[in-house]
Amino acid sequence: MNLLGQFSAMTVAFSVLLGLLGLFAAMALFARNYIKVPPSTVAIFYGRKHVLIDDKGNKTTVGFRVVRGGAALRVPVLEQVAYLSLNIISIMLKIQKAYTKEGVAVTVEAVANVKIGGDDVSLRGAAERFLGMSSDQIKGVIFQTLEGHLRAILGTLTVEEINADRQAFAQKMTDEAAVDLKKMGVNIDI
């Protein structure tokens, strides 16, 4: 009987030990897959299909989900996580030998402050175009887009029009480039 009591006590102790190890393993798995996302960042969870419903009620199936600020649980093995920054990106534009309407070569220096939009459509567009790219690569794509629009606008104006109303020139630049940048999920701040 004494031997049976010792065996029973060892079985209980072993069961408790296994239970504690299982609890710690579950907690570690949860902690490892609980992803916290700061407000200035978007986490893109990819690897599983998700159905999105737009404003008009249309359903679209995509291979990712977006989490802006807060936290979410990543499904182990099935999902991976990548991040996009929502911080402002300053793009320095220095265009040399851009030709005006009159064929005069001008040099233009400007700074554009842009950022990835926080709305669902912008985030989806940015995720599809920029995920996996470094911040320098993203800046390069935006720079090329802005440079192309700046050259096109300069080609429609005279030197006097560029110098006379710089605010109208900047507004025209913003309006022209905003359409293409919006498709990429990028908004012009300034």
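**Exercise 1. Find where V77 sits, and work out whether V77 is buried or exposed.**

Step 1: Look at the loop between β2 (59-73) and β3 (80-85), and you'll find V77 there. Strands here are DSSP runs of E with at least two residues, helices are runs of H or I with at least four, and both are numbered from the N terminus. You're working with a predicted model, where local features need pLDDT of at least 70, side-chain atom pairs count only at pLDDT 80 or more, and totals for chains, interfaces and linings use all residues. Residues are numbered from 1 along each chain as its sequence is written, and side-chain values use heavy atoms, with hydrogens and water left out.

Step 2: Check the backbone: V77 has a positive phi, near 70°, and is a residue other than glycine. Most residues other than glycine have a negative phi.

Step 3: V77 has 79% relative accessibility, so V77 counts as exposed. (Buried means under 20% relative accessible area, exposed over 50%, partly exposed in between, with a 1.4 Å probe and protein chains only.)

**Exercise 2. Trace how β4, β5 and β6 pair up.**

Step 1: Start with β4 (residues 89-99) and β5 (residues 105-116), which pair in the antiparallel sense over nine bridges. (Two strands pair if DSSP finds at least two bridges between them.) In this pairing, I91 stands opposite A112 in β5.

Step 2: Now follow the hairpin of β4 and β5: five residues lie between the strands, and G103 takes a positive phi near 85°.

Step 3: Move on to β6 (residues 186-188), joined to β5 by three bridges and running antiparallel to β5. Here I116 stands opposite V186 in β6.

**Exercise 3. Describe how α3 and α5 cross.**

Step 1: The axes of α3 (residues 135-154) and α5 (residues 166-183) come within 9 Å and cross at roughly 135°. (Axes are lines fitted to C-alpha atoms, for helices over the stretch in contact, and angles run from 0 to 180 degrees between N-to-C directions.)

Step 2: That makes α3 and α5 oblique to each other. (Under 35 degrees is roughly parallel, over 145 roughly antiparallel, 65 to 115 roughly perpendicular, and the rest oblique.)

Step 3: Pick out the contact, meaning heavy atoms within 4.5 Å: among the residues making it are I142 and L146 of α3 and F169 and M173 of α5.
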